Amino acid sequence: MVQNARNGNKPAFRHRLVVVLQFCRNFIELTLLLSVAWWWLLPYYGYAIAQLSAGVLLNGLDVPIEAARIDPNGILNTESALVFVLDGHELRLAVALLITNMAPYLALVLATPGLRVVRRLVILVAGAAVLFGGHVAFIVLALYFREAIAAAPHIPHAIAQFYLTLPFLLWIVLAYWGRITASLAETANSENE
């Protein structure tokens, strides 16, 4: 009888395995494609966040930013930097790897099976907006607290590590939060009975 139960679960297990492997394949392929496209668009995106960050610093935090631009560099712009002119001095902020987390996020959402088109679009836009806001916030805070960061350079590295995982956290929360909370509620209800 135990043997029959095990054999009965094999098709379901195989189906799940195929779905997971297909998701992994799609994610890898989409990440490669979207990363190349993202790096190609990086000078435009970088310019936009440089201007927005400079506006926040100048108008909201009274940091005398004189100019802001992106300096595209490297193969596929992967060594690009934002350049801010402050008190006649250029401050360079390597930004290519920081803002590349957008491509894996988009790939995760696009590769996720079972999402309806409208929900997928909402998740794409919401997550991209959070990432965009995070990129601007990181740059603003890095420039606003530049003296403190110079004394403790490990802080931006730790924050950058968080930014590397942020696409995965956003994907889990936005794509699966309903399932997670339903599962937790189900577990709580079964424990209360």
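A definition to begin: rings of Phe, Tyr and Trp (its six-membered ring) pair if their centres lie within 6.5 Å; planes under 30 degrees apart count as stacked, over 60 as edge-to-face and the rest as tilted. By that rule there are 9 aromatic pairs.

Now, the ground rules. This is a predicted model: local features need pLDDT of at least 70, side-chain atom pairs count only at pLDDT 80 or more, and totals for chains, interfaces and linings use all residues. Residues are numbered from 1 along each chain as its sequence is written, and side-chain values use heavy atoms, with hydrogens and water left out.

Back to the rings. Trp38 and Tyr45 make a tilted pair, at 4.7 Å centre to centre and 55° between the planes. Trp38 is buried, at 13% relative accessible area (buried is under 20%, exposed over 50%, partly exposed in between, with a 1.4 Å probe and protein chains only). Tyr45 is buried too, at 12%.

Next, Phe138 and Tyr163. Their centres are 5.5 Å apart and their planes at 75°, so this pair is edge-to-face. Phe138 sits in helix H4 and Tyr163 in helix H6 (residues 154-192), so the pair ties together parts 25 residues apart in sequence. Helices here are DSSP runs (H or I, at least four residues), as are strands (E, at least two), numbered from the N terminus. Are these two residues buried or exposed? Phe138 is buried at 11%, and Tyr163 is buried at 9%.

Last item: Phe23, Phe27, Phe168, Trp171 and Tyr176 form one aromatic cluster.
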